[in-house]
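I opened the notebook to look up a few things in this structure. Here is what I went through, entry by entry.

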Amino acid sequence: MIRVLIVDDDPFIRESMKMILELDPELRVVGACGDGNEAHRFFTDGQTADVVLMDIRMPNGSGVEGTLNIKRASPDTRVLILTTFDDDDYIIEALRNGANGYLLKNISPDGIVHGIKTVHQGNWLIHPDIARKLTSWIHPQSSAQARAASEQVTQSRKDPFARFESYGLTPTEKQVVEKIAEGLSNKEIAQELFLSEGTIKNYISEILSKLGLRDRTQIAILYWKQQD
């Protein structure tokens with residue numbers, strides 16, 4: 001059973017979302033909050049949820065602030081943001097604050113349920129078209145670095161890891177990065193590479209250290225950035 005907390009400032013949306021989610025026998029709505037601050041209090045009061053379905057624009061505590069506070073209070077809780085294509089700045093900050101992905105607001109009810117299950121399984125959920133617009137916040141480059149990177153464009157189109165060479169990734173680590181960028185979970189990566197799930201976790205920890213990143217989402221976005 002996946003415990004879900006709904007966060008939205010519109011009471012009609014909260015109630016409608018609750019009805020939709022509870023039609024699935026694998027989901028249980030454990031609460032509904034009107035803003036990010038109220039959602040934070042939900043966790044600090046001793047309650048918990050596996051996944052938070054978080055609206056991003058709310059007047060009394062946005063989803064961006066709520067994500068940061070929730071991840072501090074409950075690091076294992078997954079936060080899935082509800083957003084639109086025009087919310088680039090909000091998405092950037094939410095991802096920085098630890099969000100595990102986002103859904104577009106015009107998605108179908110089945111898509112919402114699928115998204116909740118996807119992030120609960122340890123996968124990230126992000127639309128490639130928007131992800132490519134959001135890569136500038138990872139490893140901001142100096143003018144000299146930008147010129148050097150531009151000189152490698154031709155080579156990187158042939159080799160997706162051409163601009164990763166300075167990070168010292170091993171061949172297996174590169175494979176893991178590619179699988180993360182494809183949206184695979186640790187379990188799925190382990191199956192494809194014929195390794196244990198624990199070994200994959202160790203590889204990811206080493207990759208994060210080498211790249212100077214915090215989580216899987218940033219690995220994937222950095223990978224896409226190298227393809228631009």
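**Salt bridges.** I began with the salt bridges, and the structure holds eight. I counted a salt bridge where a side-chain nitrogen of Lys or Arg is within 4 Å of a carboxyl oxygen of Asp or Glu. A note on the source: this is a predicted model, where local features need pLDDT of at least 70 and side-chain atom pairs count only at pLDDT 80 or more, while totals for chains, interfaces and linings use all residues. Residues are numbered from 1 along each chain as its sequence is written, and side-chain values use heavy atoms, with hydrogens and water left out.

**R3 and D50.** I found these two side chains joined in a salt bridge, N to O at 2.8 Å. R3 sits in strand β1 (residues 2-7) and D50 in the loop between α2 (36-44) and β3 (51-55), so the pair ties together parts that are 47 residues apart in sequence. Helices (H or I, at least four residues) and strands (E, at least two) are DSSP runs, numbered from the N terminus. I then checked accessibility, where buried means under 20% relative accessible area, exposed over 50%, and partly exposed in between (1.4 Å probe, protein chains only). R3 is partly exposed at 26%, and D50 is buried at 17%.

**Other pairs.** I looked up K18 and E22 next, and their side chains meet in a salt bridge of 3.1 Å, N to O. K18 is partly exposed at 30%, and E22 is partly exposed at 37%. R214 forms a salt bridge with D215, with the closest N and O atoms 3.4 Å apart. Here R214 is partly exposed at 43%, whereas D215 is buried at 19%. I also noted that D24, E26 and K117 are linked in a network of salt bridges.

**Helices α2 and α3.** In α2, I saw that G36, A39, F42 and F43 are buried. Down the axis of α2 these buried residues fall within an arc of 105°, so they line one face of the helix. The cover over them includes β1, β2 (27-33), β3 and α3. In α3 (residues 63-73), G63, V64, G66, T67, I70 and K71 are buried. Their arc, seen down the axis of α3, is within 160°, so these too line one face of the helix.

**S74.** This residue lies in the loop between α3 and β4 (78-83), and S74 is buried at 14%. Leaving aside neighbours within four places in sequence, S74 is in contact (heavy atoms within 4.5 Å) with F43 and T48.

**F194.** My last entry is on backbone angles. Most residues other than glycine have a negative phi. Phi of F194 is near 60°, a positive value in a residue other than glycine. F194 is in the loop between α10 (186-193) and α11 (197-211), and F194 is exposed at 76% relative accessibility.

How values were computed: The arc is that of the directions from the helix axis to the C-beta atoms.
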